[in-house]
Amino acid sequence: MAVSIHEARAAVLEHVAVLGSEEVGLDDALGRALADDATAPNHVPPFDASAMDGYAIVAADTASATARLELIGESKAGSAAGVVVTVGSAVRISTGAPVPEGADAIVQQELTTLDDDATHVVVDGAIRRGLHVRPAGEDIRAGELVIHAGSLLGPAELGVLASLNIPRPCVVRRPRVALAGTGDELTDPGKPLPPGGIRDSNGPALGGAVHRAGGELTTRVRVGDDLDATVAVLRAALRDVDMLITTGGVSVGPHDHVRPALAQLGFREVFAGVKLKPGRPTTFAVNDEGVLVFALPGNPVSALMAFRLFVVPALDAMLGRERVVHPTMATADEELPGARGRTTIVRCRSSLQDDGWHVRPTRSQDSHILTSMLGIDALALVPGDRDAIAAGEPVEIEFVG
Ligand code: AMP
Ligand code: MG
């Protein structure tokens, strides 16, 4: 019995756990999920710092109309002045430099004049205590929980981790994924195409999809339409992986050997078939070691759709990524085809208009038309109780990156 998309996703997530963690350098941590909460060992900024180029002064000195203050030193970014500012004195200071002891305000350079011999600075007007001082810990207090476990590390997170002096954050390790394409007809691009042969487009497409979804591709293999060969090739591909993805050979034809091969290799089917178009034969199986197998249909669009709908959430869950998918409604700008009893996934381009999101389907929506995937940014989900969504009607969409 085929299951619905939602049942299939729920069944996948029931079999997935967050993987273990590893330490990586900040330069390798982009896009990874943090495994542990990041807590601040120190204040950021670590000291009271100047927010301006100017002079560090005692604010009380400026209470009278004009203050003439003796210059007793300079505080530069990276080197403190090493003097104490007292009543009647000032220290030249740069943005980001430590505010010297005794000073309690910064007067910006533009509001001052320097004596001819540069020994004194004249300040006109009263300066408030604390002006242009960035207090230690203003951004982050020592002990504060700054980034939660599970957060995706983007450029800003990498910067914050650096400022917390965490050069090797603990991140969830990447799922190890093997890819196996099946089909006697498949030929690599760059090789001569025999009669009846076609290019293996799933290999590069799904390899890229695995990489983009945060997985580590351990191997990419191919096997012809033969049961014994399929068992042997899949057995080898399964070595030391968290997940195997196969394409093709999962339907009911006489040359479809993936399901029997998986059974021989000790895998148990969680579901075989999803009420989905394209992608109906999609099969999901697990073994006792918790290795996941997604057996995807061979049609390139079906394979990529099924990857998007089921494999991406599995990889997200293994990576400990908190990615919330907000169901969004959009207006169909053209009729969207449906299929009774199955959810039809229509590849679309979206646009934001005054009344909200709109979607328009790309090209022919047949499952062998791979160019229907070019330039898409949204999938429209036409429910199985509709033959079509008419132009102007609302439809549920999911954005794709
Ligand atoms: P199958 O699921 O094996 O019945 O294949 C369905 C369709 O997808 C057939 O037209 C296959 O030739 C095609 N196909 C299968 N695998 C690939 C692949 N790796 N690249 C491109 N097309 C494929
Ligand atoms: Mg085939």
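Is Asp-104 buried or exposed, and why? I shall begin with that residue and then turn to the pockets. Please bear in mind throughout that this is a predicted model.

Asp-104 counts as buried, because its relative accessibility is 19% and the cut-off for buried is under 20%. In the chain, Asp-104 sits in the loop that runs between β6 (89-93) and β7 (105-108). A polar atom of the Asp-104 side chain lies 2.7 Å from the backbone nitrogen of Ala-59. Beyond its neighbours within four places in sequence, Asp-104 is in contact with Ile-57, Val-58 and Ala-59, and also with Arg-129, Gly-130, Leu-131 and Val-133.

I now move to the largest pocket, which holds about 880 Å³ of space. Its lining comprises 29 residues, of which Arg-212, Arg-308, Val-312, Val-400 and Gly-401 are the closest to the centre. Two or more lining residues come from each of α1 (5-14), α3 (202-212), α6 (300-318) and β28 (394-399). The largest share belongs to α6, with 8 residues. By class, this lining has 18 nonpolar, 4 polar and 7 charged residues.

The second largest pocket contains about 550 Å³ of space. It is lined by 34 residues, and those closest to its centre are Gly-298, Asn-299, Pro-300, Ser-302 and Ser-367. Here the elements that give two or more residues are β15 (198-199), α6 and β24 (343-353). Of these, β24 gives the most, with 3 residues. The lining of the second largest pocket divides into 9 nonpolar, 15 polar and 10 charged residues.

Notes:
Residues are numbered from 1 along each chain as its sequence is written. Chains are lettered from A and ligands numbered from 1 in the order in which they are written. This is a predicted model: local features need pLDDT of at least 70, side-chain atom pairs count only at pLDDT 80 or more; totals for chains, interfaces and linings use all residues. Side-chain values use heavy atoms; hydrogens and water are left out. Helices (H or I, at least four residues) and strands (E, at least two) are DSSP runs, numbered from the N terminus. Buried means under 20% relative accessible area, exposed over 50%, partly exposed in between (1.4 Å probe, protein chains only). A polar contact is a pair of N or O atoms within 3.5 Å; within protein, one must be able to donate a hydrogen and the other to accept it, and residues adjacent in sequence count only if both atoms are side-chain atoms. Contact means heavy atoms within 4.5 Å. On a 1 Å grid over the protein atoms alone, a cavity is a set of points where a 1.4 Å probe fits but cannot get out, and a pocket is an open set with protein on both sides within 12 Å along at least five of seven lines; lining residues have an atom within 4 Å of a point. Grid points are joined across faces, edges and corners, and a volume is the space filled by probe spheres set on the points. Ala, Val, Leu, Ile, Met, Phe, Trp, Tyr, Cys and Pro count as nonpolar, Asp, Glu, Lys and Arg as charged, and the others, Gly among them, as polar.
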